[in-house]
Amino acid sequence: MACLSPKTPPILSVSPNSLFPSTKCIDYISCNAKNQVRKSPPVARTPRFSTSSGGQSLLQNERYSVTRRIKKQALRDSPEIMLRVNLDQCSKNGDLDEALRLYHEAKLNNIQLNVYHYNVLLYLCSLRSDDDGEEGLNPETLEKGFEIFKEMIINRVELNEATFTNVSRLAAAKEDPELAFNLIKKMKDQGIGPKLRSYGPALFGFCKKGMADEAYEVDSHMMDNQVSAEESELSVLLKVSSDVKREEKVYEMMHRLRATTRQVSEETAAIVEDWFLSERAAEVGLENWDMGKIKKGVLKGGGGWHGQGWLGGGDWRVVGTTMDEAGVCQSCGEKLVCIDIDPKETENFAKSLSELASKKEATTGFFQFQEWLQRHGPFDAVVDGANVGLANQHSFSFSQIKGVVNRLRELSPSKKLPLVVLHQNRVNGGPAQYPNNKKLLESWKKAGALYATPVGSNDDWYWLYAAVSSKCLLVTNDEMRDHLFNLLGNSFFPRWKEKHQVRLKPSSDGIRLHMPPPYSIVIQESEQGSWHIPTVTEDDLETPRQWLCATRARNSMPTP
């Protein structure tokens with residue numbers, strides 16, 4: 001429950017037209033954002049210590065255990081918990097009518113609703129579905145959502161991030177992005193950290209109305225609170241900037257997309273194309289620029305962009321295109337660059353990876369692997385043995401791993417065997433017991449090129465850490481998208497994968513190694529002012545990635 005303080009101003013203003021009751025003002029401050037559940041009455045505990053005999057001690061412990069089970073069962077069967085379970089089912093099914101019925105029934109039975117109950121109701125009210133099944137909320141649903149929110153204030157229910165976000169969605173559905181943004185500000189004032197989802201209703205609402213300055217204010221508020229915009233947010237900011245002819249903001253969003261998402265969806269690519277084909281885009285740009293300044297910007301940024309603004313003059317030529325194996329655009333003939341990774345970034349990434357793996361894995365097991373790696377590494381390549389052994393196979397194939405290992409050794413400047421990482425079960429059981437496979441494994445082990453991960457471990461941590469710390473190639477078809485890799489973030493890891501992951505590609509003579517591209521698959525801005533924007537594709541090595549190529553139709557002249 002909330003704490004009350006007569007000296008603290010109300011968290012939300014009260015006015016005749018506000019969401020909040022115009023009766024007595026409730027001064028309210030946040031104390032604890034966690035959900036509260038009504039507890040069962042205290043039950044006296046039976047002492048757990050022994051008295052004169054072991055039998056009496058056993059009896060006391062048994063009574064204590066029974067008491068705990070009774071308390072747990074009583075909690076599970078409490079009206080508040082049953083209401084929560086039923087509301088969760090309504091949330092899963094999107095059933096607002098049933099949720100409202102449960103809500104009214106709970107009020108009639110004097111069941112105390114907590115913040116979780118209310119948030120489920122607000123969430124269902126904020127779902128965009130009207131009686132006709134079309135997008136948008138009907139007025140009755142909107143009104144019911146705001147009524148529930150007012151009741152939370154009257155009942156002094158402690159609000160949390162989900163509460164504010166759900167009401168912001170109601171405000172956005174009401175086409176009132178100002179209210180949605182004010183709610184986010186109130187959330188921050190109460191010490192509740194906004195999330196990316198919290199800003200969506202206000203940001204998308206302002207952009208939809210063409211209110212660019214207000215949208216930029218929301219964007220600024222996000223950055224002040226260390227909330228990073230993703231493609232959907234940057235895309236709408238790019239569009240509203242293009243619509244209101246704010247070329248400097250379009251330029252900013254292009255580079256933020258480059259730094260954040262690297263590749264764009266087809267929807268974002270269409271917005272980018274619309275900008276380049278607009279009249280305003282043809283009007284802006286330096287026709288005579290300082291090439292020395294441009295080169296300095298490229299060097300400072302690490303390659304692939306200069307950040308000095310639009311270059312050139314006249315109309316843009318925008319076409320869809322592909323790149324050849326060397327990274328040469330098949331439309332304009334410009335060669336894309338390979339953007340280097342700062343060695344310090346790699347070191348920091350290896351350190352954070354080690355810390356995460358040590359927490360997730362059996363501590364001693366991973367530490368032992370790190371010590372082993374220091375003695376036998378570094379390697380020129382690391383092989384995800386389980387993935388390679390099963391690639392395009394119905395059963396595990398050691399001969400396929402052997403073929404990949406031999407090929408990597410041929411490509412290695414030092415002619416050193418790559419490191420093969422396999423789970424201990426793969427090394428000790430099944431096909432590993434066949435004489436030829438046993439001999440093969442023994443040869444790798446003697447050469448210090450095989451590591452068997454311990455039982456109960458996740459071998460992903462081991463082969464990934466080995467490749468990162470050795471700064472070498474990693475052979476796997478694993479797309480590294482599950483929750484484990486999500487822990488690594490979306491800034492450095494995608495760049496590292498692009499430059500180090502070797503994939504396996506079926507061929508007539510078995511499998512072929514698909515090496516990393518010699519150029520960076522990221523939005524690139526050239527020294528001549530042209531742009532190349534890659535689109536997101538499925539992980540199909542046979543399908544060429546589509547790019548958007550934007551060049552000036554009329555050549556401009558840089559100055560030396």
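Student: What share of the 560 residues of the protein counts as buried, and what makes a residue buried?
Tutor: Of the 560 residues, 46% count as buried. Buried means under 20% relative accessible area, exposed means over 50%, and partly exposed lies in between, with a 1.4 Å probe and protein chains only. This is a predicted model, in which local features need pLDDT of at least 70 and side-chain atom pairs count only at pLDDT 80 or more, while totals for chains, interfaces and linings use all residues. Residues are numbered from 1 along each chain as its sequence is written, and side-chain values use heavy atoms, with hydrogens and water left out.

Student: Why is serine 235 called buried?
Tutor: Its relative accessibility is 7%, and the cut-off is under 20%, so serine 235 counts as buried. Serine 235 is found in helix α10, residues 231-243. Helices are DSSP runs of H or I with at least four residues, strands are runs of E with at least two, and both are numbered from the N terminus.

Student: Which residues is serine 235 in contact with, leaving aside its neighbours within four places in sequence?
Tutor: Serine 235 is in contact with Thr268 and Ile271. Contact means heavy atoms within 4.5 Å.

Student: What makes helix α23 mostly covered?
Tutor: Seven of the nine residues of α23 (492-500) are buried. Among them are Phe492, Trp496 and the charged residues Arg495, Lys497 and Glu498. Asp, Glu, Lys and Arg count as charged; Ala, Val, Leu, Ile, Met, Phe, Trp, Tyr, Cys and Pro as nonpolar; the others, Gly among them, as polar.

Student: Where does helix α11 meet helix α12, and how do they cross?
Tutor: The axes of α11 (247-260) and α12 (266-276) come within 12 Å and cross at roughly 145°. Axes are lines fitted to C-alpha atoms, for helices over the stretch in contact, and angles run from 0 to 180 degrees between N-to-C directions. Glu247, Val250, Met254 and Leu257 in α11 meet Thr268, Val272, Trp275 and Phe276 in α12. These residues divide into six nonpolar, one polar and one charged.

Student: How do you know which strands stand at the edges of the six-stranded sheet?
Tutor: The open sheet has the order β4-β3-β2-β5-β6-β7, with mixed pairing. β4 (450-453) and β7 (510-514) each have a single partner strand, so one side of each is left without a neighbour in the sheet. Neighbouring strands are turned by 25° against each other on average, direction ignored.

Student: What makes β5 and β6 a pair?
Tutor: Two strands pair if DSSP finds at least two bridges between them. β5 (473-475) and β6 (501-507) have two bridges, in the parallel sense, so they meet the condition. Valine 475 has valine 502 in β6 as its bridge partner. Helix α21 (459-470) packs on the sheet, touching β2, β3, β4 and β5.
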